[in-house]
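Try each task before you read its solution.

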Amino acid sequence: VTSIVVGKNKTRVYFNTVVAAEEYFISYKNSKGETVKTEPTIANFIEVKDLQLPVIKANLIAVNSLGESLPQSVELKNSTKSLPPVVWQTFIRDNHIIVGYSGELNDESYTIRYGVSKDKLLHKITTYTRGMMTIPIKKLDTYFLQIKRKDKNGDSNWSPVITVKNNL
């Protein structure tokens, strides 16, 4: 597990994919004591919805043709804020960082904070455009960024820090 982002009755668990795995899911017990499994995914994250308890112990499991992996324990939590957008792709081209991200109909704006150090995201840019943002940069370097959304209920939590490398 690389990062866990909490939201209002939701948690998004990010993880490193494993070469031999065909899909992943999370298993946990709900407030009634019933075992619940998320829909399997091939992505590097799983979003667990409808969390009714403040904290839930869960297991991340990888699956392939030989069966299920040993479970990796994760803790699912609730927050008063919504989840940030999912960042689908980032790259640097023509002195710009290009960021592709998810958007919701009720989103009012998106803010990215970024910088050349993971611990010093000193620059911010906000847009009202859903789905993609371009950020002008002065030098070609490795950058780090986080994104959040704003809707009628306020700001979401920040996404995990994402590394954007100049591959030229």
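Two strands count as paired if DSSP finds at least two bridges between them. Keep in mind that this is a predicted model.

**Exercise 1.** Find the strands that pair with E11, and say how many bridges join each to E11.

*Solution.* 
- Start with E14, residues 143-151: 7 bridges tie this strand to E11, and the two run antiparallel. To get your bearings, look at Ser 109, whose bridge partner in E14 is Lys 150.
- Now go to E12, residues 123-127, which is joined to E11 by 5 bridges, again antiparallel. Here Tyr 110 sits opposite Thr 127.

**Exercise 2.** Is E11 mostly covered or uncovered, and which residues does Ile 112 touch?

*Solution.* 
- Buried means under 20% relative accessible area. By that cut-off, 6 of the 7 residues in E11 (109-115) are buried, so the strand is mostly covered.
- Skip the neighbours within four places in sequence, and Ile 112 contacts a list including Val 99, Ile 135, Leu 145 and Trp 158.
- Ile 112 is also among the residues with the most contacts inside the largest nonpolar core, which has 16 residues. Elements giving two or more residues to this core include E9, E10, E11 and E14.
- A separate core of 15 residues includes Tyr 28 and Leu 76.

**Exercise 3.** Work out what surrounds Thr 35.

*Solution.* 
- Thr 35 belongs to strand E4, residues 35-37.
- Beyond its neighbours within four places in sequence, Thr 35 contacts Ser 27, Tyr 28 and Lys 29.
- With Lys 29, there's a side-chain to side-chain polar contact at 3.1 Å.

Terms used. Residues numbered from 1 in each chain as written. Predicted model: local features only at pLDDT ≥ 70, side-chain atom pairs only at ≥ 80, totals over all residues. Heavy atoms only, no water. Buried < 20%, exposed > 50% of the residue type's maximum accessible area, 1.4 Å probe, protein only. Helix = DSSP H or I, 4+ residues; strand = E, 2+ residues; numbered from the N terminus. Core = buried A, V, L, I, M, F, W, Y, C linked by side-chain atoms within 4.5 Å. Contact = heavy atoms within 4.5 Å. Polar contact = N/O pair within 3.5 Å; in protein donor to acceptor, adjacent residues only side chain to side chain.
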